[in-house]
Amino acid sequence: MIAVTTRHAMRSRRTAHSTVALAGAVALAGAALLSAGPAQAAVGDLTCTASATGTFTPPLSPSNTTSTANATGTLTNCVSANGNFSHLQSATVEASGPATASGPFALQCPALLTLNLKGTFTWQNGHKSKFTLTLNTDITNGTATLTGTITSGPMKGDTISAAPTVSPNADCATAGLKSLTAPVTALNFA
(Lines give C-alpha, C1' and ligand atoms only; values in the text may rest on other atoms or scores of the structure.)
Protein backbone atom coordinates (compact mmCIF):
# COMPACT_ATOMS: atom_id res chain seq x y z
CA MET A 1 0.00 0.00 0.00
CA ILE A 2 2.86 2.38 0.82
CA ALA A 3 4.50 1.62 -2.56
CA VAL A 4 1.24 2.42 -4.42
CA THR A 5 0.80 5.66 -2.50
CA THR A 6 4.40 6.71 -3.14
CA ARG A 7 4.07 6.02 -6.90
CA HIS A 8 0.83 8.04 -6.98
CA ALA A 9 2.49 10.93 -5.11
CA MET A 10 5.46 10.90 -7.50
CA ARG A 11 3.13 10.94 -10.53
CA SER A 12 1.22 13.86 -9.01
CA ARG A 13 4.46 15.80 -8.44
CA ARG A 14 5.59 15.12 -12.06
CA THR A 15 2.22 16.33 -13.35
CA ALA A 16 2.47 19.44 -11.17
CA HIS A 17 6.03 20.12 -12.41
CA SER A 18 4.90 19.61 -16.04
CA THR A 19 2.01 22.01 -15.54
CA VAL A 20 4.29 24.63 -13.99
CA ALA A 21 6.83 24.17 -16.81
CA LEU A 22 4.09 24.52 -19.46
CA ALA A 23 2.72 27.65 -17.78
CA GLY A 24 6.25 29.08 -17.64
CA ALA A 25 6.81 28.38 -21.35
CA VAL A 26 3.51 30.07 -22.26
CA ALA A 27 4.43 33.10 -20.12
CA LEU A 28 7.87 33.34 -21.76
CA ALA A 29 6.36 33.09 -25.24
CA GLY A 30 3.84 35.80 -24.38
CA ALA A 31 6.59 38.04 -23.02
CA ALA A 32 8.64 37.51 -26.19
CA LEU A 33 5.68 38.54 -28.33
CA LEU A 34 5.03 41.64 -26.24
CA SER A 35 8.67 42.71 -26.24
CA ALA A 36 8.85 42.39 -30.03
CA GLY A 37 6.99 45.73 -30.26
CA PRO A 38 4.29 46.75 -32.71
CA ALA A 39 4.05 45.18 -36.15
CA GLN A 40 5.72 47.14 -38.92
CA ALA A 41 3.65 48.61 -41.76
CA ALA A 42 3.66 46.73 -45.03
CA VAL A 43 6.34 47.79 -47.50
CA GLY A 44 4.97 49.58 -50.58
CA ASP A 45 5.06 48.19 -54.10
CA LEU A 46 6.86 51.09 -55.77
CA THR A 47 8.17 54.62 -55.15
CA CYS A 48 9.16 56.91 -58.04
CA THR A 49 10.40 60.43 -58.60
CA ALA A 50 7.80 62.21 -60.70
CA SER A 51 7.30 65.46 -62.55
CA ALA A 52 4.18 66.63 -64.35
CA THR A 53 2.75 69.65 -66.09
CA GLY A 54 -0.94 70.33 -66.53
CA THR A 55 -2.55 72.75 -68.96
CA PHE A 56 -6.06 74.16 -68.66
CA THR A 57 -8.41 74.78 -71.59
CA PRO A 58 -9.80 77.37 -71.21
CA PRO A 59 -7.62 79.00 -68.53
CA LEU A 60 -9.20 79.17 -65.09
CA SER A 61 -10.14 82.69 -64.00
CA PRO A 62 -12.60 84.51 -61.72
CA SER A 63 -15.19 84.38 -64.53
CA ASN A 64 -14.34 80.80 -65.57
CA THR A 65 -13.96 78.43 -62.63
CA THR A 66 -14.25 75.14 -64.54
CA SER A 67 -11.96 73.80 -67.22
CA THR A 68 -10.45 70.66 -68.74
CA ALA A 69 -6.97 69.71 -67.58
CA ASN A 70 -4.50 67.75 -69.70
CA ALA A 71 -1.38 66.51 -67.95
CA THR A 72 1.84 64.89 -69.10
CA GLY A 73 4.80 63.77 -67.07
CA THR A 74 7.43 61.21 -66.25
CA LEU A 75 8.24 58.73 -63.50
CA THR A 76 11.93 58.00 -62.96
CA ASN A 77 14.19 56.27 -60.43
CA CYS A 78 11.44 53.81 -59.47
CA VAL A 79 12.32 51.45 -56.60
CA SER A 80 10.29 48.45 -55.43
CA ALA A 81 11.10 48.06 -51.72
CA ASN A 82 9.30 44.71 -51.51
CA GLY A 83 10.76 43.51 -54.84
CA ASN A 84 7.36 42.73 -56.37
CA PHE A 85 7.64 45.34 -59.13
CA SER A 86 11.39 45.72 -59.68
CA HIS A 87 10.77 45.39 -63.43
CA LEU A 88 8.99 48.80 -63.40
CA GLN A 89 11.74 51.42 -63.47
CA SER A 90 10.28 54.44 -65.29
CA ALA A 91 7.16 55.56 -67.14
CA THR A 92 5.56 58.32 -69.13
CA VAL A 93 2.28 59.73 -67.86
CA GLU A 94 -0.76 61.06 -69.69
CA ALA A 95 -3.98 62.14 -67.97
CA SER A 96 -6.98 64.40 -68.42
CA GLY A 97 -10.14 65.42 -66.63
CA PRO A 98 -12.18 68.25 -65.17
CA ALA A 99 -10.67 71.03 -63.07
CA THR A 100 -12.51 73.30 -60.65
CA ALA A 101 -11.13 76.47 -59.07
CA SER A 102 -12.43 78.31 -56.02
CA GLY A 103 -11.32 81.00 -53.64
CA PRO A 104 -9.83 84.36 -54.52
CA PHE A 105 -7.79 84.73 -57.70
CA ALA A 106 -5.93 87.90 -56.73
CA LEU A 107 -2.31 86.92 -56.02
CA GLN A 108 -3.18 83.25 -55.36
CA CYS A 109 -4.65 82.47 -58.76
CA PRO A 110 -6.79 80.51 -57.69
CA ALA A 111 -6.50 79.83 -53.98
CA LEU A 112 -7.98 76.32 -54.24
CA LEU A 113 -7.96 73.89 -57.14
CA THR A 114 -9.32 70.35 -57.62
CA LEU A 115 -8.46 68.11 -60.57
CA ASN A 116 -10.08 64.71 -61.17
CA LEU A 117 -7.92 62.89 -63.68
CA LYS A 118 -7.96 59.58 -65.52
CA GLY A 119 -4.84 58.45 -67.28
CA THR A 120 -2.16 55.92 -68.10
CA PHE A 121 1.34 55.12 -66.89
CA THR A 122 3.25 53.61 -69.83
CA TRP A 123 6.15 51.72 -68.27
CA GLN A 124 9.58 51.39 -69.90
CA ASN A 125 8.82 47.71 -70.69
CA GLY A 126 5.66 48.61 -72.64
CA HIS A 127 3.14 47.59 -69.95
CA LYS A 128 0.41 50.07 -69.09
CA SER A 129 -1.33 50.88 -65.82
CA LYS A 130 -4.57 52.86 -65.97
CA PHE A 131 -5.35 55.12 -63.01
CA THR A 132 -7.67 57.68 -61.48
CA LEU A 133 -6.22 60.60 -59.51
CA THR A 134 -7.48 63.54 -57.52
CA LEU A 135 -5.21 66.53 -57.01
CA ASN A 136 -6.26 69.10 -54.42
CA THR A 137 -4.11 72.19 -54.14
CA ASP A 138 -3.90 75.20 -51.92
CA ILE A 139 -1.82 77.52 -54.07
CA THR A 140 -1.69 80.14 -51.30
CA ASN A 141 0.90 78.00 -49.51
CA GLY A 142 2.08 75.84 -52.43
CA THR A 143 0.87 72.55 -51.01
CA ALA A 144 -1.10 69.79 -52.66
CA THR A 145 -2.33 66.28 -52.01
CA LEU A 146 -2.44 63.65 -54.71
CA THR A 147 -4.44 60.46 -54.16
CA GLY A 148 -5.60 57.79 -56.56
CA THR A 149 -5.96 54.16 -57.55
CA ILE A 150 -4.50 51.88 -60.22
CA THR A 151 -7.56 50.54 -62.06
CA SER A 152 -5.89 48.10 -64.49
CA GLY A 153 -2.49 46.74 -65.49
CA PRO A 154 0.55 46.31 -63.25
CA MET A 155 -0.22 47.09 -59.58
CA LYS A 156 -4.01 47.01 -60.17
CA GLY A 157 -5.76 47.92 -56.91
CA ASP A 158 -2.80 49.83 -55.46
CA THR A 159 -3.35 53.27 -54.02
CA ILE A 160 -1.29 56.20 -55.26
CA SER A 161 -0.23 59.02 -52.95
CA ALA A 162 2.07 62.03 -52.96
CA ALA A 163 2.43 65.53 -51.56
CA PRO A 164 3.68 67.58 -54.52
CA THR A 165 4.68 71.21 -54.56
CA VAL A 166 2.68 73.08 -57.22
CA SER A 167 3.50 76.21 -59.18
CA PRO A 168 1.08 78.08 -61.48
CA ASN A 169 2.11 79.98 -64.61
CA ALA A 170 3.87 83.26 -63.67
CA ASP A 171 1.17 85.53 -65.16
CA CYS A 172 -1.70 83.63 -63.54
CA ALA A 173 -3.06 86.65 -61.63
CA THR A 174 -3.63 88.55 -64.90
CA ALA A 175 -3.99 85.82 -67.55
CA GLY A 176 -5.72 83.11 -65.51
CA LEU A 177 -4.42 79.64 -64.62
CA LYS A 178 -3.08 78.25 -67.91
CA SER A 179 -0.59 75.72 -66.53
CA LEU A 180 0.55 74.08 -63.34
CA THR A 181 3.84 72.27 -62.70
CA ALA A 182 4.17 69.70 -59.95
CA PRO A 183 7.52 68.08 -59.18
CA VAL A 184 7.11 65.12 -56.80
CA THR A 185 10.02 63.62 -54.95
CA ALA A 186 8.11 60.49 -53.92
CA LEU A 187 5.07 59.12 -55.74
CA ASN A 188 4.05 56.06 -53.73
CA PHE A 189 2.20 52.95 -54.88
CA ALA A 190 0.99 50.62 -52.12
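Trainee: In what order do the elements of the protein chain run from the N terminus on?
Mentor: The order is α-β-β-β-β-β-β-β-β-α-β. Helices (H or I, at least four residues) and strands (E, at least two) are DSSP runs, numbered from the N terminus.

Trainee: How many helices and strands does the protein chain come to?
Mentor: Two helices and nine strands. This is a predicted model; local features need pLDDT of at least 70, side-chain atom pairs count only at pLDDT 80 or more, and totals for chains, interfaces and linings use all residues. Residues are numbered from 1 along each chain as its sequence is written, and side-chain values use heavy atoms, with hydrogens and water left out.

Trainee: Where is the cis peptide bond?
Mentor: From T57 to P58, with omega near -10°. P58 sits in strand 1, residues 46-60.

Trainee: What about the phi of N77?
Mentor: Positive, about 50°, although N77 is not a glycine. Most residues other than glycine have a negative phi. N77 belongs to strand 2, residues 66-79.

Trainee: Is N77 buried or exposed?
Mentor: Exposed, at 58% relative accessible area. The cut-offs: buried is under 20% relative accessible area, exposed is over 50%, partly exposed is in between (1.4 Å probe, protein chains only).

Trainee: And M155, buried or exposed?
Mentor: Buried, with a relative accessible area of 3%. M155 has a positive phi near 70°. Look for M155 in the loop between strand 6 (143-152) and strand 7 (159-162).

Trainee: New topic. What share of the protein chain counts as buried?
Mentor: 32% of its 190 residues.
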